[in-house]
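Thank you all for coming; I would like to walk you through one model this morning, going region by region. Please have a look at the sequence and the structure on the screen first, and then I will start with a term that we need.

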Amino acid sequence: MDVITFRYLISLVVSEKLNMQLMDVVTAYLYGDLDTEIYMKVPEGLKLPESSSSRPRNTFSIKLRRSLYGLKQSGRMWYNRLSEYLIGLGYVNNDLCPCVFIKKSTSGYAIIAVYVDDMNLIGTSKELIETAEILKKEFEMKDLGKTRYCLGLQIEHRKDGILVHQSNYTQKVLRRFSHHDVKSSPTPMIVRTLDINKDPFRPKGDDEEILSPECSYLGAIGALLYLAQCTRPDISFAVNCLARHSIAPTRRHWNGIKDIFRYLKGTTDMGLFYPYASSSGSTPLGTRNNATLVGYADAGYLSDPHKGRSQSGYVFTIGNTAISWRSRKQTLVATSTNHSELIALYEATRECVWLQAFIGHIRSTCELSHDPDEPIVIYEDNTAVIDQAKHGYIKGDATKHISPKLFFTHQQQEHQKIEVKHIGSESNHADLFTKSLPKYSFQKHVKAIGLRKLSELP
């Protein structure tokens with residue numbers, strides 16, 4: 001189970017008002033049956049037969065019947081063992097989300113989301129009790145009650161919704177890099193200059209020195225990437241820009257890291273808030289109900305002018321809260337704003353196709369209300385790109401160099417899987433993932449994708 005799946009399941013708990021509990025398998029890897037012959041040296045403490053006592057101990061070996069911790073295939077063996085057991089009991093599994101098992105009954109349904117030995121049980125109360133008993137019969141389990149901590153994420157169950165945050169982890173990172181008592185900042189990065197020679201995010205110059213190992217630049221980037229991928233989309237663009245210089249970081253780049261730390265200092269308890277339908281308030285543009293998937297796509301043309309590359313960014317929300325996002329430097333050199341926007345929309349469409357199929361599988365298996373023919377709306381602020389997505393590839397002097405694969409979006413729109421609509425640049429929340437923004441615009445988009453502070457919730 002990846003973190004996108006987990007965030008969607010949190011939104012499902014909120015939209016359908018389901019129960020959620022966490023269970024842990026004790027010594028999970030020891031349950032797997034090996035499908036290959038593996039031999040190991042006789043461990044200390046294991047007695048050899050008396051008839052073999054005359055031979056040296058190191059001439060003997062033992063054959064393993066089950067997996068052990070440390071074997072490369074132990075994870076796969078455990079998954080095979082678990083899935084065989086659950087599927088045999090009537091649970092449904094799909095390659096779209098191989099670590100999610102669903103069982104529908106006449107009175108409700110249960111969803112088991114597996115991450116190694118952690119199992120999140122989601123569903124109606126009666127079915128969860130039965131599922132917990134089924135698991136305890138076959139495996140030694142720890143029942144940890146309502147899910148409050150999973151995959152390093154803290155889950156706060158409030159009366160008006162669920163907040164998923166990483167305040168403990170953030171404080172630990174700030175202490176690790178001695179930024180736990182610094183002055184806070186309202187944004188994670190400074191607004192960049194158009195002068196490429198003064199850009200603080202430019203590559204190392206010939207007259208600059210690489211940071212000493214004591215600064216642990218790679219360690220800081222790794223810690224921030226985990227935050228950006230799990231609960232803090234607001235720092236995704238800043239971390240992406242700084243991660244490009246991991247091979248040759250300079251003092252300028254370390255100052256960029258410190259800017260993010262100062263921002264995190266003031267937003268330690270910020271996370272993704274999934275509100276119940278009754279507490280969602282007014283409905284922003286693009287949101288039809290509390291379970292509707294809505295996407296936003298954008299590109300930052302020549303975001304990296306030193307390499308001639310642009311930036312792709314997208315975010316998908318359910319009930320006004322983000323469940324999937326990405327900020328990424330494009331692998332192709334875009335020759336125009338239009339070209340870069342086409343690339344960004346193409347990447348957003350690919351993610352949308354998977355999300356649509358994945359969500360459709362879960363909702364249809366659980367027999368929840370779901371219209372598979374309803375297209376997913378993706379908002380884009382470039383009218384030329386919207387026109388191209390509608391009418392398809394037009395070969396001409398301005399477009400003949402553009403790869404036809406980028407018009408995958410057009411095909412999906414023709415099949416009514418998606419619908420690309422125009423939105424004003426000031427309301428396109430994907431701006432957060434493609435450029436550095438001034439304080440007002442930044443905080444506006446942060447709030448619009450569901451980020452809230454725990455201390456500000458009622």
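When I call a residue buried, I mean that its relative accessible area is under 20%, while exposed means over 50% and partly exposed means in between, with a 1.4 Å probe and protein chains only. Please keep in mind that this is a predicted model, in which local features need pLDDT of at least 70 and side-chain atom pairs count only at pLDDT 80 or more, whereas totals for chains, interfaces and linings use all residues. Residues are numbered from 1 along each chain as its sequence is written, and side-chain values use heavy atoms, with hydrogens and water left out.

Let me begin with V92, which is partly exposed, with a relative accessible area of 36%. Setting aside residues up to four places away in sequence, V92 touches V100, F101, I102, H361 and T365, a contact being heavy atoms within 4.5 Å. The C-alpha atoms of V92 and K104 are separated by 8.8 Å, and these two residues are 12 apart along the chain.

Now to the sheet that β4 belongs to. This is an open sheet of 6 strands in the order β4-β5-β6-β7-β1-β8, with antiparallel pairing. Its edge strands are β4 and β8 (141-146), each of which pairs on one side only. On average, neighbouring strands of this sheet are turned by 25° against each other, direction ignored; for such angles, axes are lines fitted to C-alpha atoms, for helices over the stretch in contact, and the values run from 0 to 180 degrees between N-to-C directions. Helix α1, residues 3-16, lies across β1, β5, β6 (109-115) and β7 (118-123), and runs at about 155° to β6.

There is also an open sheet of 5 strands, in the order β9-β10-β11-β12-β18, and here too the pairing is antiparallel. The edge strands of this sheet are β9 (149-150) and β18 (451-453), each pairing on one side only. Within it, β11 (residues 161-165) and β12 (residues 270-275) pair in the antiparallel sense over 5 bridges, and the bridge partner of G161 in β12 is P275.

Turning to the helices, how do α6 and α7 cross? The axes of α6 (residues 236-243) and α7 (residues 251-266) come within 10 Å and cross at roughly 160°. That makes α6 roughly antiparallel to α7, since angles over 145 degrees count as roughly antiparallel, under 35 as roughly parallel, 65 to 115 as roughly perpendicular and the rest as oblique. The contact is made by A238, V239 and L242 of α6 together with H253, G256, I257 and I260 of α7.

Why is α6 largely enclosed by the rest of the structure? The reason is that 7 of the 8 residues of α6 are buried, namely S236, F237, A238, V239, N240, C241 and L242. What covers these buried residues includes α5, α7, β13 (293-304), β14 (309-318) and β15 (321-329).

Next, the loop between α4 and α5, where T187 is found. T187 counts as buried, at 13% relative accessibility. Leaving aside neighbours within four places in sequence, T187 is in contact with D259, Y263, L437, K439 and F442. The C-alpha atoms of T187 and T267, 80 residues apart along the chain, are separated by 9.9 Å. S178 is found in the loop between α4 (167-176) and α5 (217-230) as well, and the phi of S178 is near 55°, a positive value in a residue other than glycine.

Finally, the cysteines: with a disulfide taken as a pair of cysteine sulfur atoms within 2.5 Å, the count comes to 0 disulfides. For C97, the nearest cysteine sulfur is that of C99, 9.0 Å away, and C97 is buried, with a relative accessible area of 4%.

Note on methods:
Two strands pair if DSSP finds at least two bridges between them. Helices (H or I, at least four residues) and strands (E, at least two) are DSSP runs, numbered from the N terminus.
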